[in-house]
Amino acid sequence: MYVDLGNVLGTTPGVSKEALERLDGRVADAHERIEQGRADSEHGYAALNLPETTDPDEIRNAVSRFEDPEAVLTVGIGGSALGAATISEALDSDVDAYYLDNVDPEWVSGLLADLSLDDTVVNVVSRSGTTAETLANFLVVRDAMDSAGVDWTERTFVTTGEEGNLRDLADKHDLPALPVPDGVPGRFSALSTVGMAVAAIQGHDLDTLLAGAADEADRLSGSLFESPAYAYGATTYALDRRGASINAMMPYAESLEYFAEWFAQLWAESLGKDGVGQTPARALGATDQHSQLQLYRAGPRDKLVTLVRPREKQDTQIPETDLDGLSYLGGSSLGDLLDAEFEATEASLAAADCPNIRVEIDRVDERGLGELLYGMEAACVLYGELDTVSTFTQPAVEWGKKAARGLLGGGDFEEADAVSDKVRLEIE
């Protein structure tokens, strides 16, 4: 992973190289704390050990009973789905991947109606085995398989904790079961059993994915000037403190669109605590260059734009044309055009003194994805250390879970009582 900070120097808001050099002492202290957490496999910090602790053979063995499926359907939500989706959407495969990560009834019904369930593997993911949305969707999927005459026990595996409803279900029906790693919050689990089981079914190279992550882990050091991940984490923190409270993640690769979704959860859920935290926004180049860029360049000076692209990609030539005003396109390629769009956006922001950071990987492949995912996780952990927030907790998310469960009669939760206190001002 490569990080270019040139376009945050002297912008508004911005940060000087001298300020980054002063911050580097705190980066060294934070790195020492992170390394101690990794050494002790502390909750959260253990996620940065996944390149070493994830066993790709365990994953491959668990899914080996499913021969030549046409599709894999993951039933999960948040971190139980976004990491896997980022990998599967980025890499080509003959096996289609789908995700039930919402409980919109029309959408769920429509997706199940379109799937050939007897050719689909179902992957149910929940650490606790009690996640309401996941379990509800799985019950719907299981009923649909029964109605279609499909033996769901022959087409299902689970990824879960050591105890809970899903573990009991796996034991009862002899389902393949993968463990959710201890000490790894869901949003940090892309490089574990949670994020890589779908990749295994799709035939992707798990070893190279982990090797890319390990390469990025080896670049962590006590200086932001020696570590791309820490350079990104420290600079985004510094910019937030100077007024860039929004971070627009804008990959210039269609295959990385889901990466922006994954990043949004990682950044928001980890750093939004105690009245602080940089708000992630999602964009896609070059599509949103023709829409959101207007706001980023000419709107309030409260934004950082992160531009992400692969240095190498497959390309398609643009045919020659004699149409007036378009002849300049002939002989070039879509890749040339996309690169020009990327560099034009970067220059446009810089010309308006709007901070932007360039992040690049060599290619969108297993190694590049491993580097990118690990790098952003390490950047997030460093940011949390610098901002002294509890990076690995999510109390606001847990509050909402309790409220929803109480409303459905799943227990007596005081959070559910707050629903009746809602102030209404309805206009008919």
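A polar contact is a pair of N or O atoms within 3.5 Å; within protein, one of the two must be able to donate a hydrogen and the other to accept it. In the predicted model described here, the side chain of T160 meets this criterion, since T160 reaches the backbone oxygen of S126 at 2.6 Å and the backbone oxygen of R127 at 3.3 Å. T160 is found in strand β5, which comprises residues 156–160. Its relative accessibility is 0%, and T160 therefore counts as buried, the limit for this class being under 20%. When neighbours within four places in sequence are left aside, T160 is in contact with S126, R127, S128, G129, L166, R167, L178, P179 and V180.

The domain arrangement is considered next. The protein is divided into domain 1 (2–36 + 210–387), domain 2 (55–180) and domain 3 (398–427). Domain 1 and domain 2 contribute 12 residues each to the contact between them. The C-alpha centres of domain 1 and domain 2 lie 32 Å apart.

The second largest pocket has a volume of about 590 Å³. Of the 23 residues that line this pocket, A253, E254, S255, K313 and Q314 are the closest to its centre. Helix α13, formed by residues 334–351, gives the most to the lining, with 5 residues. By class, the lining is made up of 10 nonpolar, 6 polar and 7 charged residues.

The buried residues of α4 are L82, G83, A84, A85, T86, I87, S88 and A90. Against which elements do these buried residues pack? Their partners are the strand β3 (96–100) and the helices α8 (193–201), α9 (206–218), α11 (257–271) and α14.

V108 lies in helix α5, which spans residues 105–114. With a relative accessible area of 4%, V108 is buried, because this value is under 20%. Leaving aside neighbours within four places in sequence, V108 is in contact with L100, N102, V103, N137 and V140. V108 and V141 are separated by 33 residues in sequence, and their C-alpha atoms are 8.9 Å apart in space.

The relative accessibility of N356 is 0%, so N356 counts as buried. The side chain of N356 is joined to the side chain of N7 by a polar contact of 3.1 Å. The side chain of N356 also reaches the backbone oxygen of C354, at 3.2 Å. Not counting residues up to four places away in sequence, N356 touches N7, V8, L304, V305, L307, E346, L349 and A350.

The backbone geometry was examined in the loops. Most residues other than glycine have a negative phi, and most peptide bonds are trans. Two peptide bonds in the model are described here as departures from the trans form. The bond from T12 to P13 is cis, with omega near -10°, and P13 is found in the loop between β1 (2–4) and α1 (17–39). The bond from G285 to A286 is also cis, with omega near 5°; A286 has its place in the loop between β8 (279–282) and α12 (293–298).

Positive phi values in residues other than glycine occur at D174, where phi is near 55°, and at T388, where phi is near 50°. D174 is found in the loop between α7 (165–173) and β6 (177–179), whereas T388 is found in the loop between α14 (366–386) and α15 (395–407). Are these two residues buried or exposed? D174 has a relative accessibility of 62% and therefore counts as exposed, the limit being over 50%. T388 is exposed as well, with a relative accessible area of 67%.

Methods. Residues are numbered from 1 along each chain as its sequence is written. This is a predicted model: local features need pLDDT of at least 70, side-chain atom pairs count only at pLDDT 80 or more; totals for chains, interfaces and linings use all residues. Side-chain values use heavy atoms; hydrogens and water are left out. On a 1 Å grid over the protein atoms alone, a cavity is a set of points where a 1.4 Å probe fits but cannot get out, and a pocket is an open set with protein on both sides within 12 Å along at least five of seven lines; lining residues have an atom within 4 Å of a point. Grid points are joined across faces, edges and corners, and a volume is the space filled by probe spheres set on the points. Helices (H or I, at least four residues) and strands (E, at least two) are DSSP runs, numbered from the N terminus. Ala, Val, Leu, Ile, Met, Phe, Trp, Tyr, Cys and Pro count as nonpolar, Asp, Glu, Lys and Arg as charged, and the others, Gly among them, as polar. Buried means under 20% relative accessible area, exposed over 50%, partly exposed in between (1.4 Å probe, protein chains only). Contact means heavy atoms within 4.5 Å. Domain bounds come from an automatic or database domain assignment.
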